[in-house]
Amino acid sequence: MGLGWYIARRVAWSFVVTFIIVSVTWGLLTAAPNPEVQQAAQQAALAGDNPAEAQDRVRQLRGLDRPLHEQYIGYMTNIYTLNWGWSDSRAQPVTEAVTEALYYTVQYSVPWTLLVVTLGPLVGLYSSANQYSWKDHLATGFAFFGYAIPNFFFGIILLLIFGVELGWIPITYNTGVPVFSVENAIQLAIPVFVLVTGSIGGIMRVSRNESSEFMNADFVKTARAKGVSTFRIYARHVLRPTMVPLSTTMVAQLLALFTGSSILVEVVFSIPGLGRLLYRAIVAQDTSVVLGTSLFFVFVATIGNLLQDLVYTVLDPRISFDDR
């Protein structure tokens, strides 16, 4: 068996978890009143028609008059074949709307994730190596500043300074510029900076606390006595064991910020991504889009937790796969 069998089992379990979540979502939607049926009844009553007949027509049109098992099979089939319905507010299929929004979300989420995953552990390691010095206080202060200030408020302040006062960045996101261009990098610099400062604090603090335990460990002292370079000691003997417990919290923090902060940042900077799509769908009561974007976040969370388990097992050589 070994690592390959463990990965196969984790991937299979991820599919099972996704299936359960989608099934629970279907149950909640079935139990909740359908807004289209209620709207049809209200419109029929205002027009002097029979509300009950209007409700029956909508139920028949949407397939809500079928038995529950048929509705469930049809719902699950549509979900896994990416037939997520029609968006009334955008006049396009939900999958098309999600794909278009994902194109803009990826442009800032990829550099944000890479910077956080890279800088968070390194800043924590640097702070631990210079513990209780002014360098440590400076790094800790930066982490607490980003952790404490709300992302949307910080984004508005930076937008007023660099967009309104200085005119260095566009106030409204320009979708017409190429992805890999200086113009696009300039208009995404502030949103990425806001997200990095808001998410690096927690990772940096965990990295600092964990790496402090290994700074004076016996194997580190042995490496120094053998003349191993400081860079190799920090990179191999301190940072690697630090990443083992850090990997268990990093993915959860990034996913929480991805689903929450992306909405605020995209609304502030007018980025037509997934967060702004979900926000507008909630305001317009577009149930199909809300469900589609929510399912996408569920899939991202499932894949993220799968990667977290795999990274944890790869980083920790003490884990045996034969009994897993």
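## Crossing of helices 5 and 6

In this predicted model, helix 5 passes helix 6 in a left-handed crossing. Helix 5 spans residues 94-129 and helix 6 spans residues 134-148. Their axes come within 8 Å and cross at roughly 150°. Because angles over 145 degrees count as roughly antiparallel, helix 5 is assigned a roughly antiparallel orientation relative to helix 6.

Helix 5 contributes Val-123, Tyr-126 and Ser-127 to the contact, while helix 6 supplies Lys-135, Asp-136, Ala-139 and Thr-140. By residue class, the contact of helix 5 with helix 6 comprises 3 nonpolar, 2 polar and 2 charged residues.

## Tyr-126

Tyr-126 lies in helix 5 and is one of the residues through which helix 5 makes its contact with helix 6. The relative accessible area of Tyr-126 is 40%, so this residue is classed as partly exposed.

The C-alpha atoms of Tyr-126 and Arg-208 are separated by 7.9 Å, although the two residues are 82 residues apart along the chain.

## Annotated transmembrane regions

The unreviewed UniProt entry carries the annotation "transmembrane region" for residues 12-29, 110-129, 141-164, 184-206, 250-271 and 291-315.

Two of these annotated stretches can be described in the model. Over residues 12-29, the chain is 100% helix and 0% strand, with the end C-alpha atoms 26 Å apart. Over residues 110-129, the chain is likewise 100% helix and 0% strand, and the end C-alpha atoms lie 29 Å apart.

Notes
Residues numbered from 1 in each chain as written. Predicted model: local features only at pLDDT ≥ 70, side-chain atom pairs only at ≥ 80, totals over all residues. Heavy atoms only, no water. Axes fitted to C-alpha atoms, helices over the stretch in contact; angles between N-to-C directions. Helix = DSSP H or I, 4+ residues; strand = E, 2+ residues; numbered from the N terminus. Parallel < 35°, antiparallel > 145°, perpendicular 65-115°, else oblique. Left-handed = near helix turned anticlockwise from the far one by under 90°. Contact = heavy atoms within 4.5 Å. Nonpolar A, V, L, I, M, F, W, Y, C, P; charged D, E, K, R; others polar. Buried < 20%, exposed > 50% of the residue type's maximum accessible area, 1.4 Å probe, protein only. UniProt positions renumbered as here; feature names shortened; annotations may be inferred.
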